[in-house]
Amino acid sequence: MKRPILIHPDPRLKKVCDPVSDVSDELRALADDMLETMYDAPGIGLAAPQVGVMSRLLVMDCMKEEHETPRPMVLINPEIVASSDEKNVYEEGCLSIPEQFAEVTRPKVVDVRWIDLDGTEQQETFDGLWATCVQHEIDHLNGKLFIDYLGPMKRQMITRRMQKLKREKARA
Ligand code: NI
């Protein structure tokens, strides 16, 4: 089932999320809903607070080209355990900040540890777009948005656009 995505500014997008204590059926259902919501948007990543659930859970799939085999991933309590000194710049966007894009510099390679839907610990090295995506989504779990990396002018401009968008949506 698709869930509505919160649009910035929203206080729930600014909060640090709580660790998941056990992988319940409810959590599995949430992960399914989040993947469906993400693919439908379409997007390559979605964090639980973006659907109003304040838990450390994210979904992603960066196989966005048509010829690539989908790789839906669910990361519970993800943690970056190592980051490369080498940086990468990507033009980022966010489903909570629709149609706004800006270049963000982040470590090019990160090692991430998480719990999967079977409750098993996993660790993997992510590079390129996957690395950017997982860092962007983990930021969400800490109440941080990609626009927080931008200068105050650009950030305020985007925030004002989103306020206007929300007013228009509320009226529609
Ligand atoms: Ni985002």
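**Figure 1. Leu-150 touches Ala-102, Glu-103, Arg-155 and Ile-158, leaving aside residues up to four places away in sequence.** Welcome to the first close-up of this predicted model. Leu-150 is found in the loop between H2 and helix H3 (152-171). Is this residue buried or exposed? With a relative accessible area of 13%, Leu-150 is buried, because buried means under 20%. Its contact Ala-102 is 48 residues away along the chain, and the C-alpha atoms of Leu-150 and Ala-102 are separated by 8.0 Å.

**Figure 2. A nickel ion is held by Cys-94, His-136 and His-140.** The donor atoms to look for are SG of Cys-94 and NE2 of both His-136 and His-140, at 2.1 to 2.3 Å. Read along the sequence, the donor residues follow the spacing C-x41-H-x3-H. Cys-94 belongs to strand S4 (residues 87-94) and His-136 to helix H2 (residues 128-141), so this pair, 42 residues apart, links distant parts of the chain. Cys-94 is buried at a relative accessible area of 10%, and His-136 is buried too, at 7%.

Figure 3. For a pair of aromatic rings, the description rests on the distance of the centres and the angle of the planes. Here the ring centres of Trp-114 and Phe-126 are 6.0 Å apart and the planes meet at 35°, so the pair counts as tilted. Which elements does the pair tie together? Trp-114 sits in strand S6 (residues 109-115) and Phe-126 in strand S7 (residues 121-127), so the pair joins parts that are 12 residues apart in sequence. Both Trp-114 and Phe-126 are buried.

**Figure 4. Phe-126 also pairs with Trp-130.** The centres of these two rings lie 6.2 Å apart with planes at 20°, so the pair is stacked. Phe-126 is buried, at a relative accessible area of 1%, and Trp-130 is buried at 14%. Taken together, ring pairs link Trp-114, Phe-126 and Trp-130 into a cluster. Look next at the face of Trp-130: Arg-71 lies over it, 5.7 Å from the ring centre.

**Figure 5. Lys-144 places its charged end over the ring of Tyr-149.**

Technical notes: Residues numbered from 1 in each chain as written. Predicted model: local features only at pLDDT ≥ 70, side-chain atom pairs only at ≥ 80, totals over all residues. Heavy atoms only, no water. Phe/Tyr/Trp six-rings, centres within 6.5 Å; stacked < 30°, edge-to-face > 60°. Helix = DSSP H or I, 4+ residues; strand = E, 2+ residues; numbered from the N terminus. Buried < 20%, exposed > 50% of the residue type's maximum accessible area, 1.4 Å probe, protein only. Lys NZ or Arg CZ within 6 Å of the ring centre and 35° of its normal. Donors = N, O, S within 2.8 Å, 3.2 Å for Na, K, Ca; no water. Contact = heavy atoms within 4.5 Å.
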